[in-house]
Amino acid sequence: MVKICCIGAGYVGGPTMAVIALKCPKIEVAVVDISVSRIAAWNGDQLPIYEPGLEDVVKQCRRRNLFFSTDIEKHVAEADIVFVSVNTPTKTQGLGAGKAADLTYWESAARMIADVSKSNKIVVEKSTVPVKTAEAIEKILTHNSREIKYQILSNPEFLAEGTAIQDLFNPDRVLIGGRETPEGQKAIQALKDVYAHWVPEDRIITTNLWSAELSKLAANAFLAQRISSVNAMSALCEATGADVTQVSHAIGKDTRIGPRFLNSSVGFGGSCFQKDILNLVYICECNGLTEVANYWKQVIKVNDYQKNRFVNRIVSSMFNTVSGKKIAILGFAFKKDTGDTRETPAIDVCKGLLGDKAKLSIYDPQVTEDQIQRDLSMKKFDWDHPIHLQPMSPPASKQVNVVWDAYQAAKDAHGVCILTEWDEFKTLDYQKIFDNMRKPAYIFDGRNILDVAKLREIGFIVYSIGKPLDPWHKDTLAVA
Ligand code: UDX
Ligand code: UDX
């Protein structure tokens, strides 16, 4: 019986291992983590992450061939294949600060594997790592090996949150990179055999190590670039009277472009896009490729521009000040169907409004008050450390009120901002919301999910990203 161990029971490690356990009943899968509370949650009724379909998968195999444990060393020692899915935060100090990945957790995982191993192992990079990390890991393992043989594979994860289980059940592709030696090829085959339990062979791509590592960064950079491209167009649409949803539809019909990932928004968020592009930029710079680095940097700059533009639009349309004004924030997660707030555009928008002294009333169906307060007080990049190393929860800010109902959030507010595209926001009773707001009543739709014409009929002043502007907003254009 093959034994798998995964270090890191997070958004990536947890769902991925649960699906492997479900699809491979003869493989024993142990997911280990240094966080006692996270492991307790995986073993309890309330899983630590919200992901549609996950609970069902976990319930089917937990304690059958899927185990969650804090006994890291025991499970690593017993495993044939060790996945590593620990945090790789952006460095905030020293060489490469603000760009390079901090591999502290990865390095200590590798040293621990070397310390406890008594048999040969395949070590799989699951976290996104800079290109050539495998070489560093190989050096740590072989220099501490005591006759044990290791093969390093890169097997990047392409699941998207909110659809993780579907993405794992039915992946576009599984990518496995390894050394081009007979031992390396044997290791690739061993991992291929795991996925072949449910993934058709032609969807399992094998490459050399560096191509696999770089493909992960490249895929995320291309996806993020698409969003920045459509968001750049949204600014031009507002300036010219074009409608970005019509433009997206029209260009998406070209099969070479395709219709997906063309939704203009207040900006992209999530744990991967910005971090991976910064990583890519750093690698380009280290290789003297300044022009290439600048090209990718621009994707992040446009994303920041989009978030700033949104805040400026709100402030300028409210007579250039939101000081003391109540603004309802509907949605805080970085996208719908997840409670994840890592790098969510809501953080920057809220901070921008708070900087102008607004009072915020925030509602998100999946994000807790504690999380929101922590996010709004945390420094950039601090989110990507194990939970117990993150800053303590701050005292609740008086300017921020977190509520459990959209109507309560909007009551007596001057403006409502939609920052996450939760389905429930599409069907709210906007007449009721309007009646209970201060006038003029504004709506700023950062996700283009609302019926603009209907809202205008009710009496709202509406701003929807990339859509033709209200005369009201045209008048304030100079400031925005
Ligand atoms: C993780 C990384 O955050 C991301 O940078 C990488 O690209 C993929 O792997 P994710 O699963 O979304 O992604 O992160 P997170 O939910 O934070 O999970 C990481 C887990 O590793 C945490 O539960 C943390 O406690 C655990 N961990 C971290 C360890 O068990 N040991 C460590 O030394 C460090
Ligand atoms: C992404 C990649 O899709 C996935 O393959 C990789 O493994 C991890 O990073 P994720 O961050 O979970 O997944 O979500 P994704 O659906 O890609 O969305 C990222 C951000 O882009 C979200 O904030 C989302 O709202 C935004 N987005 C997405 C848009 O603004 N417009 C779009 O058209 C699509």
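**Around the ligands**

Mentor: Sorted by class, the residues in the shell around ligand 1 are 6 nonpolar, 8 polar and 5 charged. In this sorting Ala, Val, Leu, Ile, Met, Phe, Trp, Tyr, Cys and Pro are nonpolar, Asp, Glu, Lys and Arg are charged, and the others, including Gly, are polar. Bear in mind that this is a predicted model, in which local features need pLDDT of at least 70 and side-chain atom pairs count only at pLDDT 80 or more, while totals for chains, interfaces and linings use all residues. Residues are numbered from 1 along each chain as its sequence is written, chains are lettered from A and ligands numbered from 1 in the order in which they are written, and side-chain values use heavy atoms, with hydrogens and water left out.

The shell of ligand 1 holds 19 residues, and V12, D33, R38, T88 and K275 are the closest of them (a residue belongs to it if one of its heavy atoms lies within 4 Å of the ligand). For R38, an N or O atom of the side chain is 2.7 Å from a ligand oxygen. On its own, ligand 1 would expose 680 Å², of which the protein buries 94% (accessible areas by the Shrake-Rupley method, 1.4 Å probe).

Now move to ligand 2. Its shell is made of 11 nonpolar, 4 polar and 5 charged residues. That is 20 residues, with F158, E161, S265, K335 and R447 the closest. Helix α9 contributes the most to this shell, with 4 residues (helices are DSSP runs of H or I, at least four residues, and strands are runs of E, at least two, numbered from the N terminus). Here you can look for backbone contacts to ligand oxygens: a backbone N or O atom of L159 sits 2.9 Å from one, while a backbone N or O atom of E157 is 3.2 Å away from one and a backbone N or O atom of L262 is at 3.4 Å. Taken alone ligand 2 exposes 660 Å², and the protein buries 90% of it.

L262 leads us onward, as it is touched by S248, which also touches V230 (contact means heavy atoms within 4.5 Å; neighbours up to four places away in sequence are not counted). S248 belongs to helix α10, residues 244-252. At a relative accessible area of 11%, S248 is buried (buried is under 20%, exposed over 50%, partly exposed in between).

In α6, residues 133-143, the buried residues are T133, A134, I137, E138, I140 and L141. Viewed down the helix axis they fall within an arc of 165 degrees, so they line one face of α6 (the arc is taken over directions from the axis to the C-beta atoms). These residues pack against α9 (209-240), α5 (104-116), β5 (121-125) and β6 (150-154).

Strand β6 contains Q151. Its relative accessibility is 17%, which counts as buried. Beyond its sequence neighbours up to four places away, Q151 touches K121, I122, V123, R179, E183, G184 and A187.

After α13 comes K357, which has a positive phi, near 70 degrees.

One last stop is I443, in strand β13, residues 442-445. I443 is buried, at 0% relative accessibility. Setting aside neighbours within four places in sequence, I443 contacts V416, Y430, L450, L455, F460, I461, V462 and Y463. I443 and F460 are 17 residues apart along the chain, with 6.6 Å between their C-alpha atoms.

Notes: A polar contact is a pair of N or O atoms within 3.5 Å; within protein, one must be able to donate a hydrogen and the other to accept it, and residues adjacent in sequence count only if both atoms are side-chain atoms. Buried means under 20% relative accessible area, exposed over 50%, partly exposed in between (1.4 Å probe, protein chains only).
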